[in-house]
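Thank you all for coming.

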Amino acid sequence: MMKSIYNFIVAAFVAIGLCACSDDDSPTFKPVLPTRGGAPVKAVSNRGSVEQSYDWQFAYKNERLTKATGTVRAASDSYDKAITMTADLSYEANKVNVSTSTGSNTKLSLNSSGYIVEMRVNRNVYTFSYGFEGRITKWKKTVYEETIGVGPSYVTTGDIEYSGGNISTITYTETGNAPVVLRFTPAVEPNANGVLPVAVTKELGIMGYEYLYYAGLFGAATQNLVKSVSYEFPNEQLNYTLNFSYSFRNDGNLDLCSYYSSNGQPASVNYDY
């Protein structure tokens, strides 16, 4: 009798241990990180006269991105580094929960591939569509003005085309404005670390949410890095081109992306792992 009770207690503790391991250490859902043979990015740091963007620091556990800290970067001194936020990600079966230091109510809806198809941040709504290779092909952002009751909304959209696994064009449109077309030329260097194209996350529809891309929730990375991107405005006098060059570490991971910003001043992005 005592032996049976002992065996029951041991079995119960083993079952509890297995459940704890299953729930906490090895959740069912594991997004595929956007790396293509290189190391996952742990930090993105902008230098010089940067285009509006974010610096990021990422923490991973069990091959999942679990924490991100982002700082706004901009050419304007009054706006540069003015805002820093943190986001904590937790994973369940086919679900990702996001908690931010700003207190925003963020809800993610995923497709069968584990990519975000709808994101609600307070009242604002973001929707995303993906092509057969798992890259974003279309997005729409609807932002509601903070007023009592239902305020006016502002809609921004992006249509993204690819060639050979690389972005070829983005058609970016804001409410009341004519479209702006971005034309991309791929570099010969492969995008082994799965980094985002520099200076265009606004046109990709994910500015401020780049951490969700690096978590594997915004689809696959481009095949190659970007050599250049040309901006074509309705007023041709506003057109400009950004040209990028890259340097790599001895282990093959991307170290630095250098370019001249739209105001002609030098800028760069450094990556850490």
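Which residues do ring pairs link into a cluster? Before I answer, please note that this is a predicted model, in which local features need pLDDT of at least 70 and side-chain atom pairs count only at pLDDT 80 or more, whereas totals for chains, interfaces and linings use all residues. Residues are numbered from 1 along each chain as its sequence is written, and side-chain values use heavy atoms, with hydrogens and water left out.

The cluster is made of Tyr54, Trp56, Phe58, Tyr211, Tyr213 and Tyr214. Here rings of Phe, Tyr and Trp (its six-membered ring) pair if their centres lie within 6.5 Å, and planes under 30 degrees apart count as stacked, over 60 as edge-to-face and the rest as tilted. In total, the structure holds 13 aromatic pairs. In one of them, Phe128 and Phe218, the ring centres are 4.7 Å apart and the planes stand at 55°, so this pair is tilted. It joins distant parts of the chain, since Phe128 sits in strand 8 and Phe218 in the loop between helix 2 (210–214) and strand 13 (224–232), 90 residues apart. Helices (H or I, at least four residues) and strands (E, at least two) are DSSP runs, numbered from the N terminus.

Phe128 is buried, with a relative accessible area of 4%, and Phe218 is buried too, at 2%; buried means under 20% relative accessible area, exposed over 50%, and partly exposed in between (1.4 Å probe, protein chains only).

Let us turn to the core. A nonpolar core is a set of buried Ala, Val, Leu, Ile, Met, Phe, Trp, Tyr and Cys residues joined through side-chain atoms within 4.5 Å. The largest one has 62 residues, of which Leu89, Tyr211, Leu212 and Phe218 touch the most other members. If we leave aside neighbours within four places in sequence, Leu212 is in contact (heavy atoms within 4.5 Å) with Leu89, Val98, Leu108, Ile116, Met119, Leu217 and Phe218.

Finally, the pockets. On a 1 Å grid over the protein atoms alone, a pocket is an open set of points where a 1.4 Å probe fits, with protein on both sides within 12 Å along at least five of seven lines, and lining residues have an atom within 4 Å of a point. The largest pocket is lined by 26 residues, and Tyr54, Tyr126, Met207, Gly208 and Tyr209 lie nearest its centre. Strand 9 gives the most to this lining, with three residues.
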